[in-house]
Amino acid sequence: VLHGLKWVAGAKIASQIISWVITIIVMRMLVPADYGLMAMASVFLAWCAMFVEMGLAPALVQAREVSTQKLRQAYGLFMLVNFTVVLLLVACAPLAEHFFDEPHLANLIRLMALQFVLAPFGLVSEVLLQRGLNFRARSLLDLSQSVLTAFVTLALAWWGMGVWSLALGILVAALYRTVAVNVV
């Protein structure tokens, strides 16, 4: 437990320090409207994120035994739910844009919906990693994801991409997490 705690705490502290410093720099590069637009999109994305997992991954982590059959069923269900959420977000994006009277909101929501396309592909690996109590691998994965997200967002903000730097930073993080958790 102490060995695991050391890895988790060390990675969290390092990731927070790096993220905070880069976030402060990015905040100086972007305008408040960029953060406002991202907040508008986040309302819908966070609401959908609450429903996509349905407690399935924690249930698999805590189960006494998890067969290949159960993992396949969970993967299929998770895939179905996530793709349904993507379709719902894409279809409802113009309504959100109209509601907030913000012309760029629909495209931002559509772009951010792609994170739900990536999520199912890492579910089984994430569950197996958690069940294995491999704190070192999870901590290094979390740290590297946080650092990558921060630097991608910083680079895109530096190139003047505005709110898209925030959105693409999140998508790069989701893609990285999906690939990395499968490799680990």
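Tutor: A pocket here is an open set of points on a 1 Å grid over the protein atoms alone, where a 1.4 Å probe fits, with protein on both sides within 12 Å along at least five of seven lines; lining residues have an atom within 4 Å of a point. Volume is the space filled by probe spheres set on the points, which are joined across faces, edges and corners. The model is predicted, so local features need pLDDT of at least 70 and side-chain atom pairs pLDDT 80 or more, while totals for chains, interfaces and linings use all residues. Residues are numbered from 1 along each chain as its sequence is written, and side-chain values use heavy atoms, without hydrogens and water.

Student: What volume does the second largest pocket have?

Tutor: About 300 Å³. Of its 13 lining residues, Ser19, Thr23, Thr149, Ala150 and Thr153 are the closest to the centre. Helix 1 (2–29), helix 8 (135–158) and helix 9 each supply at least two lining residues, helices being DSSP runs of H or I, at least four residues, numbered from the N terminus. Helix 8 gives the most, with 5 residues.

Student: What is the lining of the second largest pocket by class?

Tutor: Ala, Val, Leu, Ile, Met, Phe, Trp, Tyr, Cys and Pro count as nonpolar, Asp, Glu, Lys and Arg as charged, and the others, Gly among them, as polar. In the second largest pocket, 6 are nonpolar, 7 polar and none charged.

Student: Which residues are closest to the centre of the largest pocket?

Tutor: Its volume is about 550 Å³. Of 22 lining residues, Glu53, Phe78, Gln115, Ala119 and Arg177 are the closest to the centre. The lining has 14 nonpolar, 5 polar and 3 charged residues. At least two lining residues come from each of helix 2, helix 3 (56–62), helix 6 (114–118), helix 7 and helix 9 (163–183).

Student: At what angle do helix 2 and helix 4 pack?

Tutor: Angles run from 0 to 180 degrees between N-to-C directions, with axes fitted to C-alpha atoms over the stretch in contact. Helix 2 (residues 32–52) and helix 4 (residues 68–100) pack at about 155 degrees, with axes 10 Å apart. Helix 2 is therefore roughly antiparallel to helix 4 (over 145 degrees; under 35 is roughly parallel, 65 to 115 roughly perpendicular, the rest oblique). Contact (heavy atoms within 4.5 Å) involves Met40 and Phe44 of helix 2, among others, and residues of helix 4 including Phe78 and Val81. By class, this contact has 12 nonpolar, 1 polar and no charged residues.

Student: How far apart are the axes of helix 4 and helix 7?

Tutor: They come within 8 Å and cross at roughly 140 degrees, so helix 4 is oblique to helix 7.
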